Amino acid sequence: MTQIAERRELRDDGLSGLQLSTRLKNIWRTPSGFFGALMSVDHKVVGRRYIVTAFVFLLLGGILAIVMRVQLAGPEKTFLSADKYNQIFTMHGSTMMFLFAVPVMEAFAVYLVPLMVGTRNIAFPRLNAFSYWIFLFGGCFLWISFALNVGPDVGWFAYVPLSSLQYTPTKRPDVWAQMITFTEVAALAVAVEIIVTVFKQRAPGMTLDRIPLFVWAMLVTAFLVMFAMPSIMVASTSLILDRLVNTRFYDSSSGGHPLLWQHLFWFFGHPEVYIIFIPGTGMVSAILATFARRPVVGYPIVILSLIATGFLSFGLWVHHMFVTGLPQLGAGLFTASSMLIAVPSGLQIFCWLATLWDGRPVYRTPLLFVIGFIVIFVLGGLSGVMVASVPIDTQVHDTYFVVAHFHYVLIGGAVFPLIGAVYYWFPKITGRMLSESLGRWNFWLAFIGFNVAFFPMHILGLIGMPRRVYTYTADMDWAHLNLLSSGGSVIFALSFALLLVNVIHSLRSGALAGDNPWDASTLEWATPSPPPPQNFDRIPIVKHRDPLWFDNESLPVVAGLSVERREVLLTSLAEAEPQIREASPAPSIWPLLTAIATAIFFIGSIFTPWAVLWGTPPMAIALIGWFWPAKTREDEE
Ligand code: HEM
Ligand SMILES: [Cu+2]
């Protein structure tokens, strides 16, 4: 304390524009060089890495999808063996769910949420870096195992007893189970960061009812992650224990129960689809407001729907288990709750339609993807309400009808908004625009390709084709529809190739974007594109839900933050009143080292329980390095 009194620290109110900007840049920048890059704790650097890595996994998962569709294009093809097919559909489903869909949404949040709430970095930036590394190692671990022919082959939900030691004595289910642990640790870390960033680091004046809808969506998602992920980590860890040290969690002959697996899995698995879909709705709301040229109709309704969806999503997991012989009352209850959740989703859709109706829509590529989303997602919702009914589900369970249904909701509900989001935020992230004409081609190929690929699967399911079969005979009459579906898949895949071409072309020679190319209303567009390391030279004061539309000339700002060290402004939870200036951690190599130690621990414990013992000291050492107190001044009021 005495030191502080001795010398006045330099604050941002003592500097002019350019001086301030250069000083802040120096304090907040990521160290240069390869080693420096490994130390980065900048949410934009980590977010970008996260997004690119998740898209690489989309590419890998997509290649597997095409490989499956080649095998199924005609009867009795021998392109893939049954064993390879099992590994491939498991790898496809697991990659898409755990390495693409959830991480990519979190990645966008890591990049965008701090910008949107007007702060300089995410909360717990080192944890953020750790989260990325752990996700990367988990993904590589799964794919390297697959390359070594120990890729999991028990389906993306790895049901026992199939995944038990008795029926699958290889290491394949262990690989799956540990991949889960990696990715869920990463997801939980990001969830905590998002919640704290939104609750404590919003710009002054951004009261709860001025938070952008995308941020609200990510906040609700973060809570879902916190409550859902532990369930599957418990499940996968007890599976490993059963397999490795002979516990009997899932063994009915010794008092365990195989259905315990299904309950634990789906208590996570159903909220999981909302963990993927709710961020999609946030993207949709952001894009719609900008291109309909008006705020989304019914802001409070949308938020309440998000929260209601979040709560309800934990009350319907048993609809995945209708054919396990439930008591009738239970089946009725879970049918009702499954249908109930269509209500808040429907409300949101009406709010979006009203926004379009009442706005002056500009049909640029991001908006096209949003409209594609509405059409496809509603179709997926319809087949969803169908399978919520026990008699229908009993009929179509484990058929291609279900494969059609969940691709409609997953790709319609998450991938379409996501590609729209790529077109929308790419200029902010890279400083360059994507080509609009390629974008239109991208959209139409995706929309047509998707429907041709997946609509016929409904019919295939209804005429009896089961999922997870590696081939079928000619006399089944499934050949034509399968061929059609495979053709559609190729068109759909081409649309992604076009996106890649567009991205590469734009990175080389795209038009420069400027700060706010779409004339959008939220704070991320108040920064240069791409944003500088400190995000904002001066922290804005928010007086309106759409600050850039209503305070357009010059945003009011707060002054008084240090320009000698990394500092963020903490504000109160509801009213966002300034409370305290807090130091924000500097770059560090320890998150990476901790992640390496953790990875060795996780992978080692597939082979021997002793890994838990010898795996701990390196982690402890890494954590001590991570938390070693640096000399920083105390936080000030
Ligand atoms: C190029 C686009 C895609 C195509 C052509 C495609 C195709 C397929 C096919 C044919 C199956 C069924 C395999 C079988 O039951 O024999 C399947 C399963 C699955 N797909 Fe996709 N898919 C695509 C994209 C996606 C995306 C984006 C996601 C998630 C976000 C996803 C999630 C899943 C899941 C969870 C399964 C279940 C795997 C299992 O049964 O264990 N797919 N996909
Ligand atoms: Cu469900």
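View 1. The backbone oxygen of Leu-18 lies 2.5 Å from the side chain of Thr-22. The model is predicted: local features require pLDDT of at least 70 and side-chain atom pairs pLDDT 80 or more, whereas totals for chains, interfaces and linings use all residues. Residues are numbered from 1 along each chain as its sequence is written, and side-chain values use heavy atoms, without hydrogens or water. Thr-22 belongs to helix 2 (residues 17-28); helices are DSSP runs of H or I with at least four residues, numbered from the N terminus. With a relative accessible area of 44%, Thr-22 is partly exposed (between 20% and 50%, 1.4 Å probe, protein chains only).

**View 2. The largest cavity, with about 230 Å³ of space.** Among its 19 lining residues, Leu-213, Ala-289, Ser-521, Thr-522 and Asp-546 are closest to the centre. A cavity is a set of points on a 1 Å grid over the protein atoms alone where a 1.4 Å probe fits but cannot get out, and lining residues have an atom within 4 Å of a point. Helix 8 (213-245) and helix 9 (258-292) each contribute at least two lining residues; helix 9 gives the most, with four.

**View 3. The second largest cavity, with about 80 Å³ of space.** Of the 13 residues in its lining, Phe-98, Val-102, Pro-103, Thr-183 and Ala-187 lie nearest the centre. Helix 5 (82-117), helix 7 (172-200) and helix 9 each give two or more residues to this lining.

Conventions. Chains are lettered from A and ligands numbered from 1 in the order in which they are written. A polar contact is a pair of N or O atoms within 3.5 Å; within protein, one must be able to donate a hydrogen and the other to accept it, and residues adjacent in sequence count only if both atoms are side-chain atoms. On a 1 Å grid over the protein atoms alone, a cavity is a set of points where a 1.4 Å probe fits but cannot get out, and a pocket is an open set with protein on both sides within 12 Å along at least five of seven lines; lining residues have an atom within 4 Å of a point. Grid points are joined across faces, edges and corners, and a volume is the space filled by probe spheres set on the points.
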